[in-house]
Amino acid sequence: MDGSQMHGVAPAPVLAETRLAANGRLIGLLTLNAEKTLNAVSLPMIELLAQHLSAWADDDRIAMVVLQGAGDKAFCAGGDLHNLYRTMRAQRDTPHSGAVDGNPYANDFFSREYRLDYQIHTYKKPVLCWGHGIVMGGGIGLMAGASHRVATERTRLSMPEVRIGLFPDVGGSWFLNRMPGRAGRFLALTGIAIEAADARYVGLANHVLPHGARHDVLDALLTQPWSDDSDANHALVGHVLRRTEARGREPGCPQTGPLRQHQQLIDALCGGDTVEQALAALAALVTDHPWLAKAAGAPKDASPGAMRLAWRMLETAKDMSLADVFRLEYGVALHCAAQGDFAEGIRALLIDKDMAPRWLPASSTDTFLDNPWTNTPHPLADIH
């Protein structure tokens with residue numbers, strides 16, 4: 001037990017440290033430090049991550065950044081849903097509560113979270129994300145932007161937002177669209193988890209390593225000839241990861257996962273022009289493959305409006321820049337918080353835990369892509 005716990009002081013949600021490399025440069029380590037909540041993204045965590053990344057971006061001594069989670073269960077299991085639920089309920093209990101600016105906490109949370117995700121996507125120095133264990137929702141938002149993304153034998157990645165009345169956000173409308181075939185639509189509608197091999201296949205990971213190799217990787221990074229050349233430093237990180245990967249594959253990490261194995265079927269299931277066609281195809285699927293069966297059955301428990309919204313978001317964002325995607329997602333997320341199924345989904349899953357959500361009709365989200373800031377500057381107008 002450390003001193004902060006002995007005196008009843010809550011531990012810092014992010015642990016930041018630097019390690020001295022052999023040539024005098026520094027490697028920055030950021031550890032999500034909320035093990036009891038599986039390192040779920042909270043507003044204080046977002047603020048600390050953004051502050052350290054900004055400071056280290058301007059520090060010539062810092063060669064690269066490592067992003068990891070405390071404990072062995074999860075890198076990050078999503079966002080801080082309890083505080084969002086509390087503020088959404090308070091908003092809905094007040095008159096004229098449907099406005100997207102009626103929940104300052106949700107506005108602040110999504111704004112800061114999306115800015116942090118965009119910061120990682122556009123960070124000039126190498127960012128190595130060690131995506132071990134559970135990586136869900138907001139955790140994928142942090143991982144997806146890192147230049148070097150590691151999955152391990154226990155990695156389980158998913159975007160299950162439609163099950164709580166949200167859509168795959170944190171840039172999901174961008175990176176899901178860049179997956180092979182219709183894999184992105186399939187993952188968005190089903191919320192099914194994928195393991196390391198499929199994470200690499202769809203681009204959410206670019207290296208598969210045993211979790212036990214993490215300390216060896218860190219030790220190897222400390223011996224590299226870091227310089228002022230960002231491109232050269234990126235190459236050094238890639239060299240260390242490839243060399244570690246070549247030493248042998250973890251027995252628990254098959255080279256091909258079920259998503260890749262069934263890509264042709266997945267493309268057929270989600271190849272229609274409408275979400276209704278895709279959902280009908282999934283419902284009609286007969287298979288003895290347990291992963292496919294679980295995925296095909298998942299939409300029956302999800303929010304109809306959220307699935308319709310997820311499909312529309314992927315259609316709308318196909319040709320958008322990453323910055324424009326985050327701007328679009330911000331407005332839509334606030335609509336979800338103000339008047340959609342989001343609060344009800346959290347209630348059923350995490351608050352009352354009755355697993356019996358009372359969903360609104362699918363058409364309830366039809367206006368959620370409307371821009372709330374037609375007469376004023378967009379709150380994320382300054383990300384480019």
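## Where H13 meets H15

Let's start at a helix contact: Val275, Glu276, Ala278 and Leu279 of H13 touch Met307, Arg308 and Trp311 of H15. Sorted by class, the residues of this contact of H13 with H15 come to 5 nonpolar, no polar and 2 charged. Everything described here belongs to a predicted model.

Helix H13 covers residues 275-284 and helix H15 covers residues 304-316; their axes come within 10 Å and cross at roughly 120°. H13 and H15 are therefore oblique to each other. The crossing in which H13 passes H15 is right-handed.

## H4 against H16

Helix H4 (residues 104-121) packs with helix H16 (residues 322-339) at an angle of about 160°, and their axes are 10 Å apart. Because angles over 145 degrees count as roughly antiparallel, H4 is roughly antiparallel to H16. H4 passes H16 in a right-handed crossing.

On the H4 side, the contact is made by Ala106, Asn107, Phe110, Ser111, Tyr114, Asp117, Tyr118 and His121. Facing them in H16 are Leu322, Ala323, Phe326, Glu329, Tyr330, Ala333, Leu334 and Ala337. By class, the contact of H4 with H16 holds 11 nonpolar, 3 polar and 2 charged residues.

## The six-stranded sheet

Now to the strands. The model has an open sheet of 6 strands in the order E1-E2-E3-E5-E7-E9, and its pairing is mixed. Strand E1 (14-20) and strand E9 (207-208) are the edge strands, each pairing on one side only.

Both senses of pairing can be followed in detail. E1 and E2 pair in the antiparallel sense over 7 bridges, with threonine 18 standing opposite glycine 28 in E2. The hairpin of E1 and E2 has 5 residues between the strands, and in this hairpin glycine 24 takes a positive phi near 95°. Strand E3 (residues 62-69) and strand E5 (residues 127-131), in turn, run parallel and are joined by 3 bridges. Here valine 65 stands opposite valine 127 in E5.

## A helix across the sheet

To finish, here is a place where helix and sheet come together. Helix H9 (residues 214-221) lies across E1, strand E2 (26-32), E3 and E5. Relative to E3, H9 runs at about 170°.

Note on methods: Residues are numbered from 1 along each chain as its sequence is written. This is a predicted model: local features need pLDDT of at least 70, side-chain atom pairs count only at pLDDT 80 or more; totals for chains, interfaces and linings use all residues. Side-chain values use heavy atoms; hydrogens and water are left out. Axes are lines fitted to C-alpha atoms, for helices over the stretch in contact, and angles run from 0 to 180 degrees between N-to-C directions. Helices (H or I, at least four residues) and strands (E, at least two) are DSSP runs, numbered from the N terminus. Angles under 35 degrees count as roughly parallel, over 145 as roughly antiparallel, 65 to 115 as roughly perpendicular and the rest as oblique. A crossing is left-handed if the near helix is turned anticlockwise from the far one by less than a right angle, and right-handed if clockwise. Contact means heavy atoms within 4.5 Å. Ala, Val, Leu, Ile, Met, Phe, Trp, Tyr, Cys and Pro count as nonpolar, Asp, Glu, Lys and Arg as charged, and the others, Gly among them, as polar. Two strands pair if DSSP finds at least two bridges between them.
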